[in-house]
Amino acid sequence: MVRIYDKITPEGTRDILFEETRRRRGVTDALAQLFAARGYREVVTPTLEFYDVYGKAADYLPQESMYKLTDAKGRLMVLCPDGTVPIARLAATRLAGEVMPLRVSYHKNNYRVSPELKGRSAQIEQSGIELIGASSLRADLEVLEMAARSLETCGDTWRLELCHIGIFRALMEELDAPEATREEVRLCIEQKSYAALSDLLAPYRGQAAAAGLIRLPRLFGGAEVFEEARGILSCPGALESLAYLETVFRHLEKMGLGGRVILDLGLVNQAEYYTGLIFKGYLDGVGSEVLSGGRYDGLLADFGADLPAVGFALDIAAATGEVPEGSLPAPDVVLCAPEEEDIAAALEEAQRLRGEGLVVVLSDEADPELALCYAKAVGAGRFAVVTAEEEA
Amino acid sequence: MRPLRIALTKGRLENETVKLLEKLGYDCTAVREKGRRLILPVGDGSLEVVLAKAADVVTYVENGVCDMGVVGKDVIMEMGGTFFEVADLGFGRCRFAVAALAGTDLYEGYHTRRIASKYVNVARSYFEKKQVDVDVVKIEGSVELAPVLGLADAIVDIVETGTTLKENGLSVVEEICPVSARLIVNVAGMKMRKEEIGAFVSAVEREIASRAGK
């Protein structure tokens, strides 16, 4: 039989090699340390979850975005598409008796079916945290400070972007318009379709909420956004959320993050999922968001525990950026053991050198000339022949 | 920092966009006299034009190798993706429509209709929304042929004046939506280079508004 697919990987997946694994490990190790130092304890949830775990997530994780398979009993399972839902399941069940708030971190691969030939990955490596059972300003600031420090470990030029979904929700509650229009309004704000949005809302011009919604996607940038927004928004709910967002912003300024924190009141991508702050992180030169998070006080109730929660995750591939091929250092030393009796001595010498922090490889060639050829080919810094007599 | 990069859809939208850029004060001589080059500096070097096929404009902007792009709404609807669609440029106007042989009733009877289109996603999602089962067949060239040859019951295509339809004995059954050129912006770029992109978008908006006022 002719096999067609035995030498390639499925679309959306790829082999991650040498330099890139090293860089990814560097990023994930730094993040793990950062999380651990703030009292976050790591958990590993399974790659396979029952489909029912995501049963109520259809609004933001449509079923066609999940890889599905069945277990031995024919029950439907999914390859885990996100990091947060399994932790909500975990926190609401076996961790329900723990001291609250819970501080949990994770590092895992998520799987999403992505549109064909878009260059997007089906396997998404993520590191993230969740702070469960706390809804105070302190909790939000703790997580935002962590998000900022996490971005800092990934690159020099980064931005942390904030929004409060309460502003959009309050405006939408006030807007008197049919359901179909409302979803279109949300989409126009998400895509910053300025013109389409104002056409769509033209019939509702008289309503104060419509005036606010029309301006919402333009309200992004630095601290000046607050002043502008206060001039436009009139409904008390929106102003309340805006005031909270400003409090958060001022605290972040005090932490010295001023120039790095930006605002976009039009972040309404997952308006059903998030209940408070929403934030995203960007790195210079990376075309998509690197970090994504927010407050989701409704999710744990789906699993029977009405607990507030906030968290974020970093896309490790995006955070690592482009990694040039061949940037991995060569071994420092190549050793050669010409005779069988020399092998033990050579291994001992190799171990001694490794103790000095060197990367040492023992050549598999007995002939020193061939071993030297290998050492030169890999670009080793030093080459030595070790014999037992010498050691004695 | 590298200049802002804008991808233009080659052909008619390119010409219209160049006119727009020139109106905004960008010197587009390099684009007008491009020869075979595909990346061209315009104005004082703060902007760079990339010429691409429509679908590639979306891909380049979505992946962030171009900060902005000019592309038809038809292509955006067909391809989808994550980017900001900040302005309707007002040119390249036409509409998506369902068309069938004149004098036939597309919805008569209970057989599953076969729809020919170059825009298979648009066709599929349109009939999904209408909750009508259809078989969509992808046609690359002149879609009008499909119903004439008996391959399909109807087509989904962009229609400008309707002359081509008429000449082939077809007529519009339903309008799906209007189409025109859009200015799209990469999501991260919008945030990381807000000042420059914001200024450019505002200038474009002012120009469109003044045209609409005329």
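1. Two strands count as paired if DSSP finds at least two bridges between them. By that criterion, strand β7 (residues 113-117) and strand β9 (residues 154-159) of chain B are partners: they run in the parallel sense and share 3 bridges. One residue pair to look at is B:S117, whose bridge partner in β9(B) is B:V156. The model is predicted, and the points below should be read with that in mind.

2. The β7(B)-β9(B) pair belongs to an open sheet of 5 strands in chain B, in the order β8-β7-β9-β6-β10, with mixed pairing. At the edges stand β8 (134-138) and β10 (170-179) of chain B, each of which pairs on one side only. On average, and with direction ignored, neighbouring strands of this sheet are turned by 25 degrees against each other.

3. Helix α5 (residues 120-129) of chain B packs on this sheet. The helix touches β6 (94-101), β7, β8, β9 and β10 of chain B, and its direction makes about 170 degrees with that of β8(B).

4. Where they meet, 4 residues of domain 1 of chain B are in contact with 6 residues of domain 2 of chain B. By class, the domain 1 side of that contact has 1 nonpolar, 1 polar and 2 charged residues.

5. Between the chains, 14 residues of chain B are in contact with 19 residues of chain A. On the chain B side, the elements that give two or more residues are β5 (84-88) and α8 (187-192). The most comes from β5(B), with 5 residues. The class make-up of this side of chain B is 6 nonpolar, 4 polar and 4 charged residues.

6. Chain A has an open sheet of 9 strands, ordered β1-β5-β6-β12-β11-β10-β7-β9-β8, and the pairing is mixed. Why is one side of β1 (41-42) and of β8 (220-221) of chain A left without a neighbour in the sheet? Both strands stand at the edges with a single partner strand each, so one side of each has no neighbour there.

7. For β8(A), pairing with strand β9 (residues 261-264) of chain A is in the antiparallel sense, over 2 bridges. Within β9(A), A:L263 is the bridge partner of A:G221. Strands of a sheet pair through backbone hydrogen bonds, in either the parallel or the antiparallel arrangement.

Terms used. Residues are numbered from 1 along each chain as its sequence is written. Chains are lettered from A and ligands numbered from 1 in the order in which they are written. This is a predicted model: local features need pLDDT of at least 70, side-chain atom pairs count only at pLDDT 80 or more; totals for chains, interfaces and linings use all residues. Two residues are in contact if their C-beta atoms, placed from the backbone, lie within 7 Å. Helices (H or I, at least four residues) and strands (E, at least two) are DSSP runs, numbered from the N terminus. Ala, Val, Leu, Ile, Met, Phe, Trp, Tyr, Cys and Pro count as nonpolar, Asp, Glu, Lys and Arg as charged, and the others, Gly among them, as polar. Axes are lines fitted to C-alpha atoms, for helices over the stretch in contact, and angles run from 0 to 180 degrees between N-to-C directions.
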